[in-house]
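Thanks for making time this morning. I would like to walk through one model with you, going from a charged pair to the aromatic rings and then on to the strands.

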Amino acid sequence: DPEQNLENLQFFDILKEWVYTQNKAKNFPIISEGEVLSILPIKTQYAVSATADSAIYQIQCALTYWRED
């Protein structure tokens, strides 16, 4: 359904903007491996697979963190 696909892509636009906002505010997830310094989307969203009535979408992000050895 083209209309549903458009809605899905709009959701990813909102999600990317949310990630940018969280990055700017330095509101990062807590991870055991170290301290998160940034998290940013690095590729646009795309359909990994699609059928006539469903699709799986993916977006890739880069997470940069610091840790002491």
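Predicted model: local features only at pLDDT ≥ 70, side-chain atom pairs only at ≥ 80, totals over all residues.

Let me begin with a definition: a salt bridge here is a side-chain nitrogen of Lys or Arg within 4 Å of a carboxyl oxygen of Asp or Glu. Residues are numbered from 1 along each chain as its sequence is written, and side-chain values use heavy atoms, with hydrogens and water left out.

By that definition the structure holds one salt bridge, and it is formed by the side chains of Lys 16 and Asp 13, at 4.0 Å from N to O. As for burial, we call a residue buried under 20% relative accessible area, exposed over 50%, and partly exposed in between, using a 1.4 Å probe and protein chains only. Lys 16 counts as buried because its relative accessibility is 17%, whereas Asp 13, at 41%, counts as partly exposed.

Also in helix α1 is Gln 22, which is buried at 14% relative accessibility. Leaving aside neighbours within four places in sequence, Gln 22 is in contact (heavy atoms within 4.5 Å) with Asn 27 and Phe 28.

Now to the rings. A pair of aromatic rings is described by the distance of the centres and the angle of the planes. Rings of Phe, Tyr and Trp (its six-membered ring) pair if their centres lie within 6.5 Å, and planes under 30 degrees apart count as stacked, over 60 as edge-to-face and the rest as tilted. That rule gives two aromatic pairs. In one of them, Phe 11 and Phe 12 are edge-to-face, with 5.6 Å centre to centre and 75° between the planes. Phe 11 is partly exposed at 48% relative accessibility, but Phe 12 is buried, with a relative accessible area of 9%. Phe 12 and Tyr 57 have ring centres 5.9 Å apart and planes at 50°, so this pair is tilted.

Why does the pair of Phe 12 and Tyr 57 tie together parts that are 45 residues apart in sequence? Phe 12 lies in helix α1 (residues 2–24), and Tyr 57 lies in strand β3, so the link runs between those two elements.

Strand β3 (residues 55–58) and β2 pair in the antiparallel sense over four bridges, and a hairpin of four residues joins β2 to β3. Within this pairing, Ala 47 stands opposite Tyr 57, and Ser 49 stands opposite Ile 56.

Finally, Val 48 lies in strand β2 (residues 46–50) and is partly exposed, with a relative accessible area of 46%.

How values were computed:
Pairing = 2+ DSSP bridges.
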